[in-house]
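Subject: Structure handover

Hello,

Here is the structure I said I would pass on. Please keep it open while you read the notes below it.

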Amino acid sequence: MKVAVTGSKGQLGTEVTAELKRRGFEIAEIDLPQVDITNEAEVRDCFLKASPDAVIHLAAYTAVDRAEEEKDFCYAVNVTGTEHIARICGELDIPVLFTSTDYVFDGSGTDFFETGSRIAPCNYYGQTKALAEDVIKKYCKKFFIVRISWVFGPHGKNFVFTMLNLAKTKDEISVVCDQKGSPTYAPDVAVLIADMIVSEKYGTYHATNEGVCSWAEFAREIMKLSGSNAIIKDIPSAVYPTAAVRPLNSRLSKASLDKAGFERLPDWKNALERFFRN
Ligand SMILES: NC(=O)c1ccc[n+]([C@@H]2O[C@H](COP(=O)([O-])OP(=O)(O)OC[C@H]3O[C@@H](n4cnc5c(N)ncnc54)[C@H](OP(=O)(O)O)[C@@H]3O)[C@@H](O)[C@H]2O)c1
């Protein structure tokens with residue numbers, strides 16, 4: 001089986017391609033600078049040459065704060081780029097798996113968001129990912145939409161590396177304590193994604209690691225496991241303004257995983273331990 005992976009060099013793409021290789025899949029990597037998904041001719045040419053049996057679409061504009069300023073750029077990659085991928089997958093009638101985000105929800109309340117909860121994005125990046133979900137549904141019959149959040153792993157920029165870098169020079173680090181959600185360990189969700197793409201259990205899923213924490217609790221665990229003495233100081237979001245609004249509640253229900261018979265990801269603390277061990 002040949003799987004095309006867009007965004008294959010990104011944080012998650014690196015793990016997904018590694019997992020697919022471990023399982024003996026043939027892989028067509030689609031990423032900048034060779035292929036720009038905003039260019040439909042380049043996408044079509046690449047699909048024609050690669051002739052994949054399935055697509056894992058991870059390429060995205062992911063600079064959440066900058067997106068508030070660079071709206072056209074963000075839209076071009078996340079919506080128009082996804083439309084190019086979705087149209088060709090629909091035409092070829094091949095399955096596509098698309099990763100989306102907790103930011104498609106408004107972050108209100110303390111309940112877990114179900115896959116069918118009301119879409120009301122809290123920032124521009126979230127708006128583009130919600131529109132991209134619609135595009136996938138419009139053009140493809142065989143789709144997986146997998147919403148994840150707070151991704152960390154050994155490759156790319158993420159919160160764990162940010163905290164470790166800050167801890168090198170600071171004795172005390174202020175971290176928001178009123179945004180609650182679940183980290184997603186890239187190698188863990190890569191295993192699930194590889195399981196999904198060979199199944200025919202199409203649909204929308206939430207797939208973070210188990211357990212809920214605040215960013216401050218996440219940071220404290222990072223300090224503990226890394227052996228750092230830096231103190232994590234709890235601060236409310238109100239004193240840490242960002243260009244893009246972040247949801248206070250990012251709890252995502254995994255009922256759809258259970259229903260389809262997919263295994264939930266391990267607890268986030270267990271994932272963080274493995275991150276440091278490896
Ligand atoms: N990171 C998170 O916390 C998080 C949370 C929820 C959902 N997600 C979703 O998960 C997916 C993977 O995220 P990630 O953290 O792995 O992101 P990432 O590290 O930023 O990787 C995205 C990849 O897409 C590539 N790309 C960007 N624009 C492109 C274009 N026009 N044509 C082709 N490739 C392009 C990037 O290349 P360059 O680096 O050269 O730009 C990069 O290799 C995305 O769909 C993202 O929206 C991520």
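What follows is a summary of what was found, taken by topic.

Please bear in mind that this is a predicted model.

Nonpolar cores

The largest nonpolar core has 35 residues, and the members that touch the most others are F47, V55, I85, C89 and V96. Two or more residues of this core come from each of strand 2 (26-30), helix 2 (40-50), helix 3 (71-92), strand 4 (96-101), helix 4 (124-139) and strand 5 (143-148). Helix 3 gives the largest share, seven residues. In soluble globular proteins, nonpolar side chains tend to be buried together.

Beyond its neighbours within four places in sequence, V55 is in contact with A4, T6, F47, I85, C89, I94, P95, V96, L97 and I197. Another core, of 28 residues, lies apart from the largest one; V3, I27, I56 and A207 are among its members.

The ligand

There are 24 residues around the ligand, and those that come nearest are L12, D31, T62, Y125 and K129. By class, this shell is made up of twelve nonpolar, eight polar and four charged residues. Helix 1 (11-22), strand 4 and helix 4 each supply at least two of the shell residues. The largest share, three residues, comes from strand 4.

- Q11: a polar backbone atom is 2.9 Å from an oxygen atom of the ligand.
- L12: a backbone N or O atom lies 2.8 Å from an oxygen atom of the ligand.
- Y125: an N or O atom in the side chain is 2.6 Å from an oxygen atom of the ligand.

On its own the ligand has 890 Å² of accessible area, and the protein covers 78% of that.

Is D188 buried or exposed? D188 counts as buried because its relative accessible area is 9%, under the 20% cut-off. D188 is found in helix 6 (residues 186-197), and its side chain makes a polar contact of 2.8 Å with the side chain of R274. Leaving aside neighbours within four places in sequence, D188 is in contact with N209, L265, P266, A271 and R274.

P241 is exposed, with a relative accessible area of 70%. P241 is found in the loop between strand 13 (231-235) and helix 8 (255-260). The C-alpha atoms of P241 and I145 are separated by 30 Å, and the two residues are 96 apart along the chain.

Backbone geometry

Most residues other than glycine have a negative phi, and most peptide bonds are trans.

The peptide bond that joins L32 and P33 is cis, with omega about 0°. P33 is found in the loop between strand 2 and helix 2.

D93 is not a glycine, yet has a positive phi of about 55°. D93 is found in the loop between helix 3 and strand 4 and is partly exposed, with a relative accessible area of 41%.

W150 is not a glycine either, and has a positive phi of about 50°. W150 is found in the loop between strand 5 and strand 6 (151-152). W150 is buried, with a relative accessible area of 9%.

Regards

How values were computed. Residues are numbered from 1 along each chain as its sequence is written. This is a predicted model: local features need pLDDT of at least 70, side-chain atom pairs count only at pLDDT 80 or more; totals for chains, interfaces and linings use all residues. Side-chain values use heavy atoms; hydrogens and water are left out. A nonpolar core is a set of buried Ala, Val, Leu, Ile, Met, Phe, Trp, Tyr and Cys residues joined through side-chain atoms within 4.5 Å. Buried means under 20% relative accessible area, exposed over 50%, partly exposed in between (1.4 Å probe, protein chains only). Helices (H or I, at least four residues) and strands (E, at least two) are DSSP runs, numbered from the N terminus. Contact means heavy atoms within 4.5 Å. A residue is near a molecule or strand if one of its heavy atoms lies within 4 Å of it. A polar contact is a pair of N or O atoms within 3.5 Å; within protein, one must be able to donate a hydrogen and the other to accept it, and residues adjacent in sequence count only if both atoms are side-chain atoms. Accessible areas come from the Shrake-Rupley method with a 1.4 Å probe; for residues, only the protein chains shown count as cover. Ala, Val, Leu, Ile, Met, Phe, Trp, Tyr, Cys and Pro count as nonpolar, Asp, Glu, Lys and Arg as charged, and the others, Gly among them, as polar.
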